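Please open the model in a viewer and keep the selection tool at hand.

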Amino acid sequence: MLFVFFLIFSLGGTQISLAGTASDEKIKKLEEQIKVLADEIEAIKSASVTEPTVYETEFGLAPAASKVYRVDQGISFGGYGEVLIGNVKEGDANDVVDTLRLVLYNGYKYNDHIIFNSEIEFEHGTTGSNKDGKAGSASVEFAYVDFLIRDELNLRGGLLLTPFGVVNEIHEPTTFYGVGRPEVERRIIPSTWRESGAGAHGTFDLGSGGELSYRAYVMSSADARGFKASDNRSLRIKGNRARFEDMAFVGRLEYDPIPGIRIGGSMYYGNTGQGEEVNGQTIDGLFQMYSVDGQFQYAGLDLRALAVWTSLDDAALINQLKEYEGNKSVGEEQSGWYVLGAYNIFSALNSGSKYMEYLAPFFRYEQFDTQEKVPAGYGRDPANDRTQYTIGINYKPIPNVVVKAEYQNLDTAAGQAKDQYNFGIGYVF
């Protein structure tokens, strides 16, 4: 009897032991499966977290226009827009509210070395005409392919922003002060200025000496038929079946000795005759434009300055071509400059509110003359010798949205004056 009891107890113990071993294996397997599931959930959570978009200038492009350089691969999308109200205080012009522009950036990063980038711009809300007969437009502002080789040497070709001055390449509304761009960078440097071309760009790391960047392009040149007395805006062909009898070399150097300081210089050199003749005489129309600029940013303070000069050969022939007489002459020489100072007063308050980080009053003074010198036999129109100052404020509730207000005092050597209030909203994304 005792033997039978011992046998039963032994067999029972063995079964309990086997059962315990099986349970341990199941628990171990379940733990492994739970761990796998936890890892997969964590991976899904990590993939669903969107990193904040970085808005910084790269390769000579404005912050939102540079987004394609920061995607891993494939499509990028961005843009900016501006709405303004122009309130004319003096004169007989009407107040105007205008959806000035909506811009869409579309880019595609094939790989780390080949990148397509483009900007499509809609101006004034519609391509139709308003009651005053003024139409809007839809245009390709740039469309190029970048071949990134190394920091010091990259190649670029397509419809390019002309690398001239401060605003022409970096013109998103959050990057400049005032409702409108500086007049010097509109009337003499015809921002936004773009033409078809190709060239190189790069940056040299000078170690403790800072950085030196360049962009150097050969582009389709301006067309002499576009010169006029009051400004250079009609020189732009904008990639629209431009005559290619003449080419221009355009280059820009930027030196950043330390963060917050930039010194820049630009040059434009090219004939503009584009095959035109007057009385059997071929027009070369060599057009030269040079500018220097500087920017200083420190602890909320922002100082900027720019000066530009132009020279045009065959100005008398171009006047004959255009049938300009008297004081309607094109400028044989032009010049202009401006200085600007701004200070972000919220930088000193440190309120702790994310909506009180940027409020910058600014002052800008400009002087420019688009007929500083004209050919013999022609006269200057003093209305083209202009001086203006602008006092205003930029407020950014968040870094990518800006609300602007300004007062402008506009005077000419002819005694014509026009004071104006302007208001605007700008955004980038």
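**A guided tour by selection**

Asp-231 is buried, with a relative accessible area of 8%.

This is a predicted model, in which local features need pLDDT of at least 70 and side-chain atom pairs count only at pLDDT 80 or more, while totals for chains, interfaces and linings use all residues. Residues are numbered from 1 along each chain as its sequence is written, and side-chain values use heavy atoms, with hydrogens and water left out.

Next, select Glu-183 and Arg-186, a salt bridge whose closest N and O atoms are 3.2 Å apart. Glu-183 counts as buried at 13% relative accessibility, whereas Arg-186 counts as partly exposed at 26%.

Then select Glu-82 and Arg-101, whose side chains form a salt bridge of 2.7 Å, N to O. The pair links distant parts of the chain, 19 residues apart: Glu-82 is in strand 1 (residues 74–88) and Arg-101 in strand 2 (residues 96–109). Strands here are DSSP runs of E, at least two residues long, numbered from the N terminus. Both Glu-82 and Arg-101 are buried.

Proceed to strand 8 (residues 247–256) and strand 9 (residues 261–270), which run antiparallel and are joined by eight bridges; two strands pair if DSSP finds at least two bridges between them. They form a hairpin with four residues between them, and Gly-260 in the turn has a positive phi of about 100 degrees. Glu-254 has Gly-264 in strand 9 as its bridge partner.

On strand 9, follow the antiparallel pairing with strand 12 (residues 287–298), which spans 10 bridges. Tyr-269 stands opposite Gln-288 in strand 12.

Finally, select Ile-75, Tyr-108, Tyr-110, Ile-114, Phe-147, Ile-149, Leu-153 and Leu-155, which make a nonpolar surface patch of about 740 Å². Strand 4 (137–150) and strand 5 (153–161) are the elements that give two or more residues to this patch. Patch residues have over 30% relative accessible area and no salt bridge, with nonpolar side chains (Val, Leu, Ile, Met, Phe, Trp, Tyr) joined within 5 Å and like charges within 9 Å; areas come from the Shrake-Rupley method with a 1.4 Å probe, and for residues only the protein chains shown count as cover.

Methods
Salt bridge = Lys/Arg side-chain N within 4 Å of Asp/Glu carboxyl O. Buried < 20%, exposed > 50% of the residue type's maximum accessible area, 1.4 Å probe, protein only.
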